[in-house]
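Please look through the sequence and the model below before reading on.

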Amino acid sequence: MPQSSPSNEPARVGSTAMEDYLEQIAGLIEEKGYARVVDIAANLEVSQASVTNMVKRLDAEGLVNRERYRGMTLTVRGEEVAAYIRRRHQVLTDFLELFGLDDDTIYSDVEGMEHHISGATLGVFDALVSELSASPEMVTRIRKQLKKS
């Protein structure tokens, strides 16, 4: 599936928690071919009951199809929203990685930013990643400036 431009933002889902669950479900489906409550609970470090409640909400929003005791799949809309969420996460990660930040800092910062960034601003970050990736000498100069601060 071709990646859409980060600024082609689908309608936001109800909460940041819903986005986190969609991101997990999409990742599990990509990795294992399916997503189960037990795996989501383990990855997010929450109870299986919490996952079940959220999956019911996602189902009611038309983002997942769930079959009791079997797992779940994403609807077409769920796939679109999850792809955007994962792309947003990747663009922000790629941007911060350019500057040599450690993985823990990147993860923490991306988790804080990703749910609040607009599609337009994400487009700016995506363009910057593209341009800076093509200009390693500029990245080196910026890294040097950061070390001075």
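Helices (H or I, at least four residues) and strands (E, at least two) are taken as DSSP runs and are numbered from the N terminus. This is a predicted model, in which local features need pLDDT of at least 70 and side-chain atom pairs count only at pLDDT 80 or more, while totals for chains, interfaces and linings use all residues. Residues are numbered from 1 along each chain as its sequence is written, and side-chain values use heavy atoms, with hydrogens and water left out.

The chain has 7 helices and 2 strands, and read from the N terminus its elements follow the order α-α-α-β-β-α-α-α-α. Its C-alpha trace spans about 55 × 30 × 25 Å along the principal axes. Of the contacts (heavy atoms within 4.5 Å) between residues at least 6 apart in sequence, 61% join residues at least 24 apart. Buried residues, meaning those under 20% relative accessible area, with exposed over 50% and partly exposed in between (1.4 Å probe, protein chains only), make up 34% of the 149 residues. The chain exposes about 9000 Å², of which carbon and sulfur atoms supply 50%; accessible areas come from the Shrake-Rupley method with a 1.4 Å probe, and for residues only the protein chains shown count as cover.

Turning to charge, Lys and Arg count as positive and Asp and Glu as negative, while His and the chain ends are not counted, and each charge is placed at NZ of Lys, CZ of Arg, CG of Asp or CD of Glu. On this basis the chain carries 17 positive and 24 negative side chains, and the centres of the two sets lie 1 Å apart. Patches are made of residues with over 30% relative accessible area and no salt bridge, with like charges joined within 9 Å and nonpolar side chains (Val, Leu, Ile, Met, Phe, Trp, Tyr) within 5 Å; a salt bridge is a side-chain nitrogen of Lys or Arg within 4 Å of a carboxyl oxygen of Asp or Glu.

A positive surface patch gathers R143, K144, K147 and K148. K148 belongs to helix α7 (residues 136-148) and counts as exposed because its relative accessibility is 72%. A negative surface patch is formed by E97, D102, D103 and D104. Of these, D102 sits in the loop between α4 (76-97) and α5 (103-113), and D102 is partly exposed because its relative accessible area is 42%.

Finally, E45 is found in the loop between α2 (37-44) and α3 (48-60). The phi of E45 is near 55 degrees, a positive value in a residue other than glycine, and E45 is exposed, with a relative accessible area of 73%.
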